[in-house]
Amino acid sequence: CSVFDFARVEELQPQKTTLLSFKLPPRGRALVTDEGEWVNPTGEYEVVCEAGGIAKSVPAKVTVSG
């Protein structure tokens, strides 16, 4: 599990929704290898929004290209 970005939503009432959008620059989605090298792996990923470890959204597929 990795956190790439987050947003704090003020004054969101229970059972209400709001739309958030994120732009992740390469550094924001980079991973560190066991050798300490920063890499940006390409491929298809599944994104889920969670709160307290509980999924709060339906998984969305995204594709990262070089």
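User: What percentage of the 66 residues in the protein is buried?
Analyst: The model is a predicted one, and burial is judged on relative accessible area, with under 20% counting as buried. By that cut-off, the buried share of the 66 residues in the protein is 3%.

User: Among contacts between residues at least 6 apart in sequence, what percentage joins residues at least 24 apart?
Analyst: A contact here requires heavy atoms within 4.5 Å. Among the contacts in the protein between residues at least 6 apart in sequence, the share that joins residues at least 24 apart is 9%.

User: Which residue forms a salt bridge with Lys61?
Analyst: The structure holds 1 salt bridge. The pair links distant parts of the chain, with Lys61 in strand 6 (residues 60-64) and its partner in strand 3 (residues 43-47), 17 residues apart. The closest N and O atoms are 3.8 Å apart, and the partner of Lys61 is Glu44.

User: Are Lys61 and Glu44 buried or exposed?
Analyst: A residue counts as exposed when its relative accessible area is over 50%. Lys61 has a relative accessible area of 60%, and Glu44 has one of 54%. Because both values pass that cut-off, Lys61 and Glu44 are exposed.

User: Which residues form a nonpolar patch on the surface?
Analyst: Patch members need over 30% relative accessible area. Val9, in the segment before strand 1 (31-32), is partly exposed at 32%, so Val9 passes that cut-off. Together the members have about 390 Å² of accessible area, and they are Val9, Leu12, Leu20, Phe22 and Leu24.

User: Is Arg8 buried or exposed?
Analyst: Arg8 lies in the segment before strand 1. Its relative accessibility is 68%, and the cut-off is over 50%; Arg8 therefore counts as exposed.

User: What distance separates the C-alpha atoms of Arg8 and Leu20?
Analyst: Leu20 is one of the residues in the nonpolar patch. Arg8 and Leu20 are 12 residues apart along the chain, and the separation of their C-alpha atoms is 9.8 Å.

Key. Residues are numbered from 1 along each chain as its sequence is written. This is a predicted model: local features need pLDDT of at least 70, side-chain atom pairs count only at pLDDT 80 or more; totals for chains, interfaces and linings use all residues. Side-chain values use heavy atoms; hydrogens and water are left out. Patches are made of residues with over 30% relative accessible area and no salt bridge: like charges are joined within 9 Å, nonpolar side chains (Val, Leu, Ile, Met, Phe, Trp, Tyr) within 5 Å. Accessible areas come from the Shrake-Rupley method with a 1.4 Å probe; for residues, only the protein chains shown count as cover. A salt bridge is a side-chain nitrogen of Lys or Arg within 4 Å of a carboxyl oxygen of Asp or Glu. Helices (H or I, at least four residues) and strands (E, at least two) are DSSP runs, numbered from the N terminus. Buried means under 20% relative accessible area, exposed over 50%, partly exposed in between (1.4 Å probe, protein chains only).
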